[in-house]
Amino acid sequence: MSKALRLSEKWFRRGLWLVAAVFASFLIGLGGTIVEKLPQVEQRYSLDDFIDKPAAAEARAAVQTARKAQEDAGQALEQAELKLRVATADVAAARETFNHWIATRRATERAEQDPELIARTRALDELRTRERRAQGVVEAQQQTQLNARQAEARAQQRLQTLEQAAEEQLQAQWRRQELRVFGYRLALTLPLLGVAGWLFARKRGSLYWPFVWGFIFFALFAFFVELVPYLPSYGGFVRYAVGIVVTVLVGRKAILGLQRYLERQKAAEQLPDTRRRAELGYDVALARLAKGVCPGCERPVDLKDPANDYCPHCGIGLHDHCGRCDARKSAFSKFCHACGAPAGTPAGPSEAAPAGLPAAP
């Protein structure tokens, strides 16, 4: 159709398509923002909304208490281990001194040293007793730490059980919320798609067609691009099912549209030639002729063949002769390309030549 347009009209049309694209981009930006903000209409749920709060609070308190007991036991254990190391070192030093003294005692075999032997033995026993007490304190703190660790593990297990049950409820609630939000998005985009379909069918050739096409682009983008990422998955079943439904609906619409088009074409081919050319419209006819097809039935036809004055498929007139100069011209042209006479000029004697030119003989 571009070949039938004036040069300025081509540029105007390109500018209007740019207007349509800019208009669609702003609508897409607004629609994307609305679609993104739609989840905010729903309440945001967390794990605490579904967990048994008293039991969870008790379990968390038990965990904190057990951890505090572990920290206290750990600090006390460090002190007890330090005392044990000191006591062990004292016993080792005393034993070494005692062994040296015993060796000397055996060498001298002096009887007056027996009381000192008894005293040294008692002192070594006291150190060993003190070491054993320190070892007992260490073992007690280790037991306390172990008890606290086991108590924490039990409390964590109770808390984990409560959180797992709450997590299942939370996931179920999120799935329901996701479906509701998807329903909101679908309720927003489906009417847009319906309006776009109506505009395409009724208004795409109107005076304000750039805004019509801009809205159509926006509706298509909102439905097929903005909506798809939020389509619930469920293992892919929903996506495939929606794809099948959309394909069937679009295919059915296309099939019915093709049948209606063929019926209209058959009905149009039964009309008189002059009426068919009048109903086609000048721009439509030129656009089809530029594509090398018949304006009436849109089947291929060799327009360069000088013998093809009528379409061999539907019989519509393709070429006729000028009533003034008898030149062969397109039957859809408004003026003769050879002499400029309006189409439909009746045959008759030649008109006077323009000023400055000799009259025709």
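Guide: Here is a chat about the overall layout, the aromatic pairs, the cores and one more residue.

Guide: Keep in mind that this is a predicted model.

Visitor: Okay, how many helices and strands in the secondary structure?

Guide: The protein has 7 helices and 2 strands. Along the sequence the pattern reads α-α-α-α-α-α-α-β-β.

Visitor: And what percentage of the residues count as buried?

Guide: 27% of the 361 residues do. The accessible surface comes to about 24,200 Å², and carbon and sulfur atoms account for 60% of that.

Visitor: What about contacts along the sequence, how many join residues at least 24 apart?

Guide: Taking contacts between residues at least 6 apart in sequence, 55% join residues at least 24 apart.

Visitor: Switching to rings. How many aromatic pairs does a search of the whole structure find?

Guide: It turns up 7 aromatic pairs. One of them is Trp 213 with Phe 217, a tilted pair at 5.8 Å centre to centre with 40° between the planes.

Visitor: Where do Trp 213 and Phe 217 sit relative to each other in the helix?

Guide: They are both in helix α4, residues 209-226, and being 4 residues apart they are separated by about one helical turn.

Visitor: Buried or exposed, that Trp 213?

Guide: Trp 213 is buried, at 18% relative accessibility, while Phe 217 is partly exposed at 35%.

Guide: There's also an edge-to-face pair, Phe 215 with Phe 218, at 5.8 Å centre to centre and 65° between the planes. These two lie 3 residues apart in helix α4, about one turn of the helix. Phe 215 is buried at 17% relative accessible area, and Phe 218 is buried at 7%.

Visitor: Which residues form the aromatic cluster?

Guide: Trp 17, Phe 200, Trp 209, Trp 213 and Phe 217 form one aromatic cluster.

Visitor: Back to α4 then, how far does it reach from its first C-alpha to its last?

Guide: It spans 24 Å over 18 residues, close to the 26 Å expected at 1.5 Å a residue. Its buried residues include Val 212, Gly 214, Ile 216, Ala 222 and Glu 226.

Visitor: How many residues are in the largest nonpolar core?

Guide: There are 13, and those with the most contacts inside it are Leu 192, Ala 196, Trp 213, Phe 215, Ile 216 and Phe 218. At least two residues of this core come from each of α1 (7-37), α3 (114-202) and α4. α4 gives the most, with 8 residues.

Visitor: What does Leu 192 touch?

Guide: Setting aside residues up to four places away in sequence, Leu 192 touches Phe 215, Phe 218 and Ala 219. Apart from that core lies another, of 12 residues, with Ala 285, Cys 294, Cys 314 and Phe 332 among them.

Visitor: New topic: where is Asp 273?

Guide: Asp 273 is in helix α6, residues 273-280. It is partly exposed, with a relative accessible area of 23%.

Visitor: And which residues is Asp 273 in contact with, leaving aside neighbours within four places in sequence?

Guide: Gly 315, Ile 316 and Gly 317. Asp 273 and Gly 317 are 44 residues apart in sequence, but 6.8 Å apart in space, C-alpha to C-alpha.

Note on methods: Residues numbered from 1 in each chain as written. Predicted model: local features only at pLDDT ≥ 70, side-chain atom pairs only at ≥ 80, totals over all residues. Heavy atoms only, no water. Phe/Tyr/Trp six-rings, centres within 6.5 Å; stacked < 30°, edge-to-face > 60°. Buried < 20%, exposed > 50% of the residue type's maximum accessible area, 1.4 Å probe, protein only. Expected span 1.5 Å × (residues − 1). Core = buried A, V, L, I, M, F, W, Y, C linked by side-chain atoms within 4.5 Å. Contact = heavy atoms within 4.5 Å. Areas by Shrake-Rupley, 256 points an atom, 1.4 Å probe, with all protein chains shown as cover.
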